[in-house]
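My entries follow in the order I made them.

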Amino acid sequence: MTSGTDGVTGPVEGRVWRFGDDVNTDVIHPPAFYSLDPDKVRRGLFHGYDPTIARDLRPGDVFVAGRNFGCGSSRETSIRAIKLNEVGAVVAVDFARIFFRNATNNGLPCLTFARPADLELVEAGTRVVLDPVAATLTCADGTVVELVPPGEFVREIWAAGGLLNLLPTGMSAPES
């Protein structure tokens, strides 16, 4: 994975983890793992679904899912857990709106399939190269899946590692 200030600036390479439709944020990161301790948050990723996922993930792995990924609560702990596990990106047919916005603001690339039926071309466990700028997902067998291209500002947020990293530094308080 190519990254700038902890941000994505180039292709992401990893294995595919497949999920279905309506993946709820409480499934992504159960409330029992809410914490200020990053290790506890990291371990909680999909713990109730499959407690081995966080252990078996490798940097750059890609989550691929169906419709409505990230539905449910608007808590950012699900995104924090995904980022702490160094997941390279999430590709889905579509996302719950608030999850997508929170993920973008936190520098987690989320892309959608240009053709929803192409979800079936991406198998669990296969190695992929996701190019967020070209909006393509290339499978190990050479299959290229087109994704919806993100806007320039979204790519800037990803490259910066999150929206807050785009704020100017060295600002002083206004004089009274």
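Entry 1. I started with Arg67, which is partly exposed at a relative accessible area of 42%; buried means under 20%, exposed over 50% and partly exposed in between, with a 1.4 Å probe and protein chains only. This is a predicted model, in which local features need pLDDT of at least 70 and side-chain atom pairs count only at pLDDT 80 or more, while totals for chains, interfaces and linings use all residues. I note that residues are numbered from 1 along each chain as its sequence is written, and that side-chain values use heavy atoms, with hydrogens and water left out.

Entry 2. I placed Arg67 in the loop between β2 (62–65) and α4 (77–84). Helices (H or I, at least four residues) and strands (E, at least two) are DSSP runs, numbered from the N terminus. Leaving out residues up to four places away in sequence, I listed Gly20, Asp21, Asp22, Val93, Asp94 and Pro116 as touching Arg67; contact means heavy atoms within 4.5 Å.

Entry 3. Is Asp61 buried or exposed? Asp61 is buried, at 0% relative accessibility. I found Asp61 in the loop between α3 (53–56) and β2. Its side chain makes a polar contact of 2.9 Å with that of Trp17. A polar contact is a pair of N or O atoms within 3.5 Å; within protein, one must be able to donate a hydrogen and the other to accept it, and residues adjacent in sequence count only if both atoms are side-chain atoms. Beyond four places in sequence, the contacts of Asp61 include Glu13, Arg15, Glu86 and Val87.

Entry 4. I then looked up the largest nonpolar core, which has 26 residues, with Leu45, Phe46, Phe63, Phe69 and Phe99 making the most contacts inside it. Such a core is a set of buried Ala, Val, Leu, Ile, Met, Phe, Trp, Tyr and Cys residues joined through side-chain atoms within 4.5 Å. Two or more residues of this core come from each of α3, β2, α4, β3 (89–92) and α5 (97–105). The largest share, 3 residues, is from α4.

Entry 5. I checked α4 against α5: they pack at about 45°, with axes 9 Å apart. Axes are lines fitted to C-alpha atoms, for helices over the stretch in contact, and angles run from 0 to 180 degrees between N-to-C directions. I therefore recorded α4 as oblique to α5. Ser78, Ile79 and Ile82 in α4 meet Phe99, Asn102 and Ala103 in α5. Angles under 35 degrees count as roughly parallel, over 145 as roughly antiparallel, 65 to 115 as roughly perpendicular and the rest as oblique.
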